[in-house]
Each structure stands twice: as structure tokens, then as C-alpha cells.
Amino acid sequence: MRYSGLSVLKEGLFGNKGWKPAWREPEPKAEYDVIIIGGGGHGLATAYYLAKNHGITNVAVLEKGYLGSGNVGRNTTIVRANYFLSGNSEFYSHSLKLWEGLELDLNYNVMHSQRGILNLFHSDGQRDAAARRGNAMVNQGDDAELLDREAVRRMVPYLDFEQTRFPIYGGLLHRRGGTARHDAVAWGFARGADMRGVDLIQNCEVTGIDIQDGRVRGVQTTRGPIRAKKVGIVAAGRSGQVAAMAGMRLPIESHVLQAFVTEGLKPVIDHVVTYGMGHFYISQSDKGGLVFGGDLDFYASYAARGNLPMLEHVMEAGMTLMPMIGKAKILRSWGGIVDMTPDGSPIIDRTDVGGLFVDCGWNYGGFKATPASGWCMAHLMATGEPHEVARRFRLDRFLTGHLLDEEGTGSQHNLH
Amino acid sequence: MRIAGKGLVDRNTPVGFRFDGKDYTGFQGDTLASALLASGVRVFGRSFKYHRPRGVMTAGSEEPCALVTIGRGAAQVPNVRATVQEIHAALDARGQNAWPSVNVDLMAMNDLFSPFFSAGFYYKTFMWPRKFWESLYEPAIRRAAGLGALSRKHNEDHYEKAYAFCDLLVVGSGPAGLMAALAAGRAGADVILAEEDHVMGGRLLAEMQEVAGQPGADWAAGVLAELATMPNVRLMTRTSITGAYDGGTFGALERVGLHLARPPMDLPQECFWRIVAKRAILATGAHERPIAFPNNDRPGVMMAGAVRAYLNRFGVAPGQTVAVFGNNDDAHRTVRDLKAAGVKVSALIDVREEATAPDGATLHAGAQVVDTVGRKGLREVVIADRSGQITRIPCDCLAISGGWNPALHLACHMNGRPVWREEIAAFVPQPGMVPGLAVAGAANGTFSTQACLAEGLEAAKAALSELGRKAKAVDLPQAEDGAYRLRAFWEVRGGKHRAWLDFSNDVTTKDVRLAAQENYRSVEHMKRYTTQGMAPDQGKNSNVAALAVLADATGRGIPETGITTFRPPYVPISVAALGAGGQGAGFAPQRFTTSHQASVERGAPMVEAGLWYRPSYFPRPGDQSWLDACNREVGFVRDRVGVCDVSTLGKIDIQGADAGRFLDLVYTNTFSTLKPGRVRYGLMLREDGMVMDDGTTACLAEGHYLMTTTTAAAGQVMRHLDFVAQAHCPAWDVHMISATEQWAQFAVAGPLARELLNTLLEEPVDGDTVPFLGVAPVRVMGVAGRLFRISFSGELGYEIAVPARYGAALYRDLVARAENLGGGAYGMEALNVLRIEKGFITHAEIHGRVTAFDIGLQGMVSAKKDCIGKGASTRPGLSGPEREQMVGLKPVPGSKSIGAGAHLFDEGAEPVRVNDQGYVTSVCWSPTLNSHLGLGFLINGRARIGTRVRLVDHLRKTDVICEVVHPVFFDPEGGRARG
Amino acid sequence: MRITCPLCGARDRREFTYYGASVYADRPAEGAAPEVWDDYLHLRDNPAGEITDLWYHELGCSAWIEVTRNTVTHAISATRLLADRATPTKKGARS
């Protein structure tokens, strides 16, 4: 059924009895054209675009838990296209354009809010690096502005401009950047895929990948074997385990990334603000909670929970940058399992097994990539050829040295 | 209403305070909630979505409704639980999420539109037109949402963090916790007993029951008195254990000054503790749960246990006429206590048909509450008996009890899943969910006081045994040991009004059923779709009932439906407490060079260089801008002599018979051939083949080297060297230590550098005693130092090093001598110009994606030996004409200034990504060459020297043509440095 | 999280710097094939379970430590000095 203001009014008048299920609850069929392993944001988006862009609807998404139970449901909801390297730049630019039409495309309000992202810098060197990146953004056709200290002060007067440890020199403003309601993204893609005939199968864990003569034939699951001509592994933090079922080792180490939210507060932070001298970024959700992100806890982990040091670091950074948040109270902390590649960029590629594809390595930034990841993975699985904006996300780039190390910290696991 | 003679508050110490602009008086020991209830206040706040009037529900930190704002100006704190905040003379509290006030709130019109505000309605609308989301819909939603408000002022209060260590952490001071602490304390263990309340004793303070033949509160006081005498026991009141983490680490929040009218200056508001405990006992009790029935959110509807707490502990009757509604025997206990205190009880409504009436109460067995009346305060409840017969019962307080949920949160913080226990209709923890943590008492689903005491004792004995300690004899006191009987009952069905589950977030049973109808059937989907359990109480009051409703709506049992994840913190923690110490300069250490004071005295702006501070330039009267100073200082070095503190560069002392071999492994070039007294420039790669750092290393003696690193990479290089030594060559004789802080080192550069130095060295030097790239021990004014003949400016240059304690004096002396020679001190700006003119790289160039090939130093990678990074650097993608290579850039004459961060394009090409040919990393105005200069990276750049490129900086509106030149702009033969 | 440094005893995790799976200590020999370097630098078993990984006691004694740890529970079962390993293996040597 179609959602609209009118349908909300009509259903409200009649006791909301007429709302239909957002998606079906199908039993798995014996065979599909395509199986997507992983019912997170990227897997659901892949299924959606397979159906919508390529007319491939005999598709199953297999999810071991509930739809959207991975990182799409536990991130800090940032959406941006502010990359420097060619390879990343065009991909995230494409993704942001998809975001900008996502509500109307999905007929689901994902609350994409282009409230602006301000990356602060704190030295001349950081200003130069910000300018370099900002110019790359404009080269790509996206937006960027370099703000000086006074312009930053006008925009976010609540920062500590006097006492903070590392003075604020200015900021790189990306007006089209912002946030979205993360669960809604998963649900919107799920509903859209389901409406086009995709089977979304929850509580169905893949336990094996069937390969014969170098080609994938199907998967083993906790709900029985399912045959398929093509299989896509879109399993984020669990990519390594799933790939191992196909005898592969991936250039991925899984880490825990924490995030934090405060109790609800009246509007106080209107943008996304990031700190340049510590691991700290912040936005305020529409419900009123301040949403904080930091960096990895920095140890391999599948626990989806973190420890105190990063939590405290993030809050210390918050106190030096914007001490007005001191009286807000942290309500909840959580962790996601992120699939870290050596160079910090993702992989959307074929594998050595015929019909088996991988979409993984989203590091700590997969949420904003959700639509384009699905779009490009669907393109790859449907046509066999990489999409033009995802050509650099190759599995063999570490072997060949065609790296995409946006941060320049090194294409080694221990450095990102 | 206070009841004469009841309660534990100090009736001899009245305390005045303010709420919503009015003055009230309570007593020492009161919370804001108890004092206001005693004064007849009923409306404490407004609900999140519908702005319904809300009163007090509980008597603890789990309070979902009575959230207030306290303090003014920068001291304003939103979302304070009135049930926890103690009153004091300076307390100025007010309701929140209402306009103009909680009593008259215009936002309450939201309630009229509630049919359209069903769960998830916002996902279905507000999509068109697209631009309206940011400009119209979202701002309206944001304004309506949220609870309290921040002041927008910088924090002015003091917060702290601390560590504590103990053998046994006991969480909670009810019967189980007190017994555990007593047994462990007597056995000599190092014990921390943490209690969230401001008084220890837990439910013993709130119930009328005896322990060991005396009132429970008296028994608790006796135990506490004994514990207080034990030096091995720390009693921490007002301390909530907030999280269980790895390795026996617990987070804890202590409210230190929040209850004081005039806290001493040295006292923080709050302290966040990291408690490391070898063992822990969780004795956190249980939370009573409400029942969902139509209009169950009126002010005056309160948990039965909270009614008893206000009555027995605070001597406050929350109403004149109380009705009680429940599904278990605790409801009966409430009737008994109220009647004993002389409070009128108008009815006991028990959903159990078999219930029997306590003495003198009007029992409605098998009946249910089907509606309530009284918008800003309960006036009556409407009940239906088994046959549907309706009765209206007058009451201004309804005590409800749907049973108890163990407060097992901390046990679940490390991903352990609790199990459902049917007979108490609650989730209970399983053993071993948190290593080293045992659960005792009501937190474990054990509800009689006698059994709680016994479990606390047993848990302590087990912990002591694991700690290798012998338990001393502790008598188990006698206490109430009644069975806990209940019939699981979650919601009253069939009413046409909304029945609340989550009182904070305004989630009703209809919302949960709608989620199920729309196939958000997973408990996580239901939570996220309806926002059930996401409010400040994190579902402590409502989660279990909500999933019971979901289970019913989906035809599943509760265990199959499952429960959402328990996450830290157990109670919210202020950002200021978690971030204590970070505000202002405290966020990171500050490192100062020995010349800092002298530079400040000369008026130099000090700029951050990592954690260090370095002088930017040295202004003089008459300067029009920093550029005048910079140009002058460049002139000192090019024409006379300049002095610069370079102590911030990393210095690593490396010794041992295999030290040379070791340097060969970490540097691309060879150092084992370096003779004593000689210095060599070295390039260091990461194992991925990218340049990590560069610098010089001096051979001080056979098997003794001093490596210098860049300021930025000093820590990284130290870590790397330690790794290479310990991982790849642990058997080699090589040892290293950072000596960065031990030596002050100053560059003395310029044509007159040697002349200057010879005025203060005890033994003058010439070009032979310390040749270019030489090092020698020297004595300077009686102090043993080192003299390096190295240059980062391209001039005749030395760096002189002395033990750090002589740095301040030497610097002043060097600068004075330089000034006598027509030179002087130079800062970072001039240093940068000097190095750009010479094409020397910094981390602006070696930014992590750069290979030796890219900077034209591929020849420095020795073919004769292995080195870190050599294997990976042979990958085809890391060299060749498609790589961006370092070049010099010179704008054509007459161009305006250029900025680092600009991108490069072919002349005439459109400045878009597909045409991007590179970028600029460093720029300067060169007074020496009278031109702007830039260093940058250009695709196949070395082959393009002599051609022209277009430089575009969209952000700073620059578009100029540059000549591509060799990156060494000045003195390419290097004669000046060697001279 | 607490890590027992073999030299200093149990210390808070904040004193340590992490460096990933301990296979990174097994550096290939000079001239090893590109695939060997790729394997060494990039490919990981990435187990959900027991792993040995590398920690540097940076704010302590500067020892590199090999920690045996469970990536699902974070439980640490053993620690030892990296330098105490048997002679480091040289993978892919072409001699």
C-alpha cells in the first residue's frame, strides 16, 4: 500500500486498522536466481536495485537475525560525499544523489536531513588538507566551502573558541551532508524489495556455500539448502566468516566501533560537527538525543560492545570542543562490528568462484554508502561488470598496489 | 501529606527549596519527589509526544515521568529525576517539556491528534515536497521532541574521574548486598559497597518488616555501623554502578556535590569511577512493573512499591484516598502498610479471582481497572469485575503492581542473555554472564527477604573462596520469608482509550499491536518502530510488558519473542563526568620546549605542532604583517645567521653491536657503513611501501647512533623500531630509547653560523673538524654538548645539542649573539619558507600515500639489502608514470598568491575530477627568489618539468598558470650548505 | 579491559597500542613472491573466537606482547613477550 499524508489521515480516522504488513514473511523457495547473504542495509539495497534497475526479482535475501540487525541499525546516521581520492569521490557522490531522491523512490520517509556537515580544522596544515579535499569535492560536482574562524563562530557559536586545547582555525562545510533515520533506510529498502517480489527471509543463517566446478550452486542454511545461480556476500563484519565458507580469506579484520546517545533534549545542535584533533563527531537526532561517534576501540572483536577508553576519549573531546554539552547525560552506548580493510576503502567485486560476489569492507563508513553500494552491487551481479563509479573497489588492489587509502595512514590492518 | 511519626527523614531539619517558582519546605533526607508529594504537588512534567500531565511513578533512578530541570544559567541540568535529587536550600527545580508550564501546556493539543500520531507515522508522510523536510517538517518535529533543554553556556562546574581497585565490589545495599559486604568485610577482603541511593539499606528502608527481630532499617543501620569501622571496606553512597566491562572493570558514577546547597570549592559535582574488581556481587534488587490499562498515565497512578517507599521511608502519603491494583501479594502489603499508617484505602483490585482480602480492605477479586478520571490528578478509577459490572472508585492515588523485574542489567552488559522464569514471569540472569560476577537477591529473582539475606551471604562465601580467603562465621538473621505469588498480567484488554507501556516515550499497547500488524514483529523491530524502551528509563519500567503484548499480538510466547539488548550505562551519565579533565587545555598534554619562555617574551605567537608549541614568527615594531617578520627571518638565514629551536624533533638513541645492521633494516639506505663522527640522511618506509618518515642519523661512536625523526612521527617511529627489533630480530644486540626530552637542540644556520658558534665553543670548529654531515662532541660554556653539521635550510648550518636543563640559557645566548651579527631568531613560518625553497619534504608531502618513487628518492632504496617496506613497494601500482610525482610549481609572473590544497589541471582543461592531474601540498612567498613557490604532486610530474599547468582552488577562488619546475628552487647544487 | 604485561603485570588497556593479528610478526623473506607479501600484509583469518594478536606496552615498558584473546568474549587466556617467540619464521623464502 502506498504511504502518504492522506493515508495517515485516513487510517487515523479509522483506528489505524488498515495498515498492511511492510513486508511478507515468505518461506524460502528451493531455488532463486540470486541469493543475497545478509539482510542489512547494503543487502536489502542490492535486492531492491536488482529488482528495480535490472528486473531481477527471483531473489532471496537471507538474514540470520532480523532485517537491519547489523550496522544499518547501530550507526551514527551520517550521510556525506566529501572524499578526496578518485575512486571514492565518484562513488559517494553517486550515493548522495541517490539519497536525495530516496524518500520518493522508496515511498518511505528515511528522514534524510541535509543539515550540513562541518569538519573543523585546527592548524594551517589541516586547513591545507581540508582545502585539498574540498577542492576534490567541487571537482566531482559536489559542494564544499572553506569557513574561517569567524564564519565558524557565526554558524556554531557554542564551541569553545577561547580555552580549547587546539584552537579552531576554521572548517570545511559540506552543506549537502547530513543525517538520516537509520532503521528507516533498512525498512524502506526492505519494503521496496518485497513489493517487487524479493523474498526477505529472516532467522535464516547461512551455514555453507555450495560450489561445484568453480561455480557457486547455492547455500546451506539453518532452514535447509537453497539453490541459486548467483550469490552475493553482503555480510559486513561477518564477511570473513561467510567468505571462509567458500574457501576464501579476505583482506578484512573485524573491529568494534562504538557510538553513544544522550537523553532527549530540545534542539541545540543543528548540524553535524566533527573535531579535527580527536575522535569526536556529533549531531542531534530528531528525537532530541545527541548522537556521538568516535573511533574504533582498536582491537579485533565480534562482541558488538566496547569498553570505557574510547567512550571517555569521545566525551573529553566533546568537553574541550563544546563544553555546553557537559550537562547532557549519556543514555546508551553500543557497538557495531565493522569490516576493516587495510586501506580503509570497500570492496565490490567478483571472486574467483563463478557467480559468487562480495560487497564488504565498509570500515566505519558504510551507512552513507548504502544506496550506491546496493546500486553498484546489483549492477555487478546483474551484468557481470563493475559499475563505473565502483571500478576501483577491487579485491585484488592490495596485491597490485592500486590502493585507496583516503586517510593516508597506511594500507595495513594495524594502521587504520 | 506527611504522616506523623512515620519515616526516616529528619523532621528536626526542615529544608526550603523551589519548584516551578514556588517555595516549598521538606526535610533533610527528602528527595524532590517526596518533598513535593508531601506538599500536594501532583504534576511534575509532561510526556514526550502527547504532552500529557505526568506525576511521580517510582521512588528511584528508574523514574520515567518525574523528570525536571534544576539550576540556572550555566548550572542548568535537564532531565533530573525528582525521585533521586535530594532537596537542599539552593535547589531551584522546574518542570520541563511544556510551554508555558507543566500545569498549562499548550503543546497538549498534540494529544487531540493522537490518532494520526500512531507508531511510525512519520515514516509514511512528510515526503513531499522534498525541500520541505529540512525547512518545515523536521524543525517542527525537533521543536516538539526532546525533553529538557541545555543552557547553551560553557560548563562552569568541576567534574572528576578516578580509579579504584578492590577484591570484591558489592553493587547494592539491600539485604543481599549488606550480607555480602558484611561477610566479605569480616573476612578481611578489600570491599567496595556501592549504593545508588543517598542512604544505604535498599528496600529495607521502604518496607515494614523485621530482620533479626528489629525493624529492617535498624538492622541495616547496625550492619552499616560495623562496616564503617572496617578499614578494608569502602562505603560509597550516591554511587551508581553504570556498566560492566572487560577484565573486571566497572564504570561508576558518584554524585558528589549535587545534593549540597554550597558545595566546597574543591568538591566536584560528580565523579566517574573506573572500579577494577577481582569479584563482584550484583545485588541491585528489582523494578516493579506497571500494568497497561486505559488512561493509566494520570498523575497519581504510582507503583505500589513506590507508595510504600514514600509512606514508610519518607513519611509521605501520596494521596488522601488510595486504591491498589495488582496481580500479586505485594499489592496486599501496600494495603496493609497504608491502613496501618491511617491512610484511607478505597479498594484493592486484584486480577486474581482467588485473592483473599487483607484485614479490613474492600477487595475486588478478579476485577480490572478499565479507565481513570482526572486530567491533572487522578480523581477516580473505573473498574470492571468478572461479569463486566462497572464500579467507580474514588481515589487520588492508585498504587499498581504488575510484579517485579530483577534489575539484572549489569549482568547483561557483556552480551549474556537472561532466561525467562515462568513462575515469577520475569527474566533472570544466568550464571557466568559477566566473568567474576555473581547475582544475589531480588536481582536474581529471589524475592523473600530471608532468601535475599541467604543468597547475599552465599555469594560472598563463594567469592571469598575464589579469592583464596576464608570466610569468618556470619549468622544469617531471621526475616520475612513469604512466598511471592503472582499471576502474570500485562494489560487490560478492550478499552477504547490508550493504555501506556512506555510512559516517557508515550508508547501504548496500540502502538505495539500496530507494529505487529505491520510485521515489525521482531522485538527489535517493535522497539525501533514504536520507540518503546528508548526513553530516559531505557524501558526499565516497560520493556517486559511491551514484549508480552508483542508476544500476544504475534501468537508467540515471551521467551521466543525475546528481549532487547541491555546496554550501558545503567543510569545516564553526564558528558561532563565522562569527559572530566578534557575541558579547555586538559584534553591533551602540552609539551613546551626549553626556549618557550624566551619566545613568548619576544612576542612570538606560539602555534601547536602536535602536542608541542613552537614560535610562528618573531614580530618587530613596524611590521605590517606576519609576512614582514617571516621575510626578515628568511633573510637572517640566507644572509647572516638565524637560530631556531629544533628540540621537538624525535631523538632516538640506538646502541649495540647490531645497531648498524638494525638501521639497515629500518632505513631504505645503508647505515652500517656510516663511520663515527658522520651523519646520514635516511628514508624510512612503512611495511606497505609508503614513506613513513625521514631524518638524519648520526654515528656517535662504534655501535652508538642517534636517530632524529620528524616532530609529527616521533611516537610512530619509536613504536615501529621497537616492533622491528622485538618481532624481527629479537636475538640481535640492539637497544634503543627515546631521548627527545633529554636534549635541547638548536639550529644555527646561515653564512655566519660558524662565526657565531666559535664565539661560544671552548674549542673552535672549522670545516675540517666538523665537515658537512659530520658530528662531534663539543664543550659550550662548560657544558658537554654535541654539534651536528646538518641543514634544513640549505645554508651553512649546525645543530647544537645540550642537556635539556641548559636549553633555556643557551637559546637566549645564541639569539643574542645572532642579533649581534645582524641575524636573529627564526620561527616556523621562516623555517617553512627555507625548506620549500630547497624542496625539502615534510609530512605535508609525505602524507602517507607517497612512495620513495613519488618523491624522487627511489634511488635511496638500496638494492643490496632488505629493508622494511621494500617487498611491498615493488607492487606495480606503486611506481610508474600514472603515479603523482613531486614537482615544484612557480606561478607565471604577475599571478596572485596560491594556496596549498589547490588542484592541478592541464592548461585549458576544465577543472573537474576526470581532468584532475594532481594537487599542491605546500606554498610560500619566497623573498629569496621574489616569487610564490609551491610543492605539489603531478601525474607523471618529473617528465613534465618545463611545461605549464593550470592551478585551480575552487574554495579560495584562485585560477593561475604555473610552470612545472624541479622541486629544488634554490641552490640546486647545494654548495651553500657544504661551504 | 586489562592486559597482563609479562614484565609489568596487569594494566589497563589504555597503556597499550594495538597492532592486529600476530601473523604480522612473521615477516616474509626478502624477495618473497608478491602473493606472499599480500598474504602477510592483508589477508586475515579474522576468527570469531580465539586469536593471537599484538599489543605494545607503549605507556609502560615498551614491550611488544603477543596476547591470546577471544574476539567474541574479549577473554584473555595468555600473554607473552613477542621477543620470547622461537626464531621468527621466514615465510616464502626463495632460498
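How many salt bridges are counted between chain C and chain A? The count is three. The legends below describe a predicted model.

**View 1. Chain C against chain A.** In this predicted model, 28 residues of chain C are in contact with 29 residues of chain A. The two chains bury about 2,500 Å² between them. Carbon and sulfur atoms give 49% of that area. Arg14(C), His42(C) and Asn46(C) supply 25% of what chain C buries against chain A.

**View 2. A salt bridge between Arg249(A) and Asp39(C).** The two side chains meet at 2.5 Å, N to O. Three salt bridges are counted between chain C and chain A. Polar contacts are counted there too: 20 residue pairs, both residues at pLDDT 80 or more.

**View 3. The side of chain C that touches chain A.** Strand 3 (17-21), helix 1 (34-41) and strand 4 (50-56) of chain C each supply at least two residues to this side. Helix 1 of chain C gives the most, with five residues. By class, this side of chain C has 13 nonpolar residues. Nine charged and six polar residues make up the rest.

Conventions
Residues are numbered from 1 along each chain as its sequence is written. Chains are lettered from A and ligands numbered from 1 in the order in which they are written. This is a predicted model: local features need pLDDT of at least 70, side-chain atom pairs count only at pLDDT 80 or more; totals for chains, interfaces and linings use all residues. Side-chain values use heavy atoms; hydrogens and water are left out. Contact means heavy atoms within 4.5 Å. Buried area is the accessible area (1.4 Å probe) that two parts lose on being put together, summed over both. A salt bridge is a side-chain nitrogen of Lys or Arg within 4 Å of a carboxyl oxygen of Asp or Glu. A polar contact is a pair of N or O atoms within 3.5 Å; within protein, one must be able to donate a hydrogen and the other to accept it, and residues adjacent in sequence count only if both atoms are side-chain atoms. Helices (H or I, at least four residues) and strands (E, at least two) are DSSP runs, numbered from the N terminus. Ala, Val, Leu, Ile, Met, Phe, Trp, Tyr, Cys and Pro count as nonpolar, Asp, Glu, Lys and Arg as charged, and the others, Gly among them, as polar.
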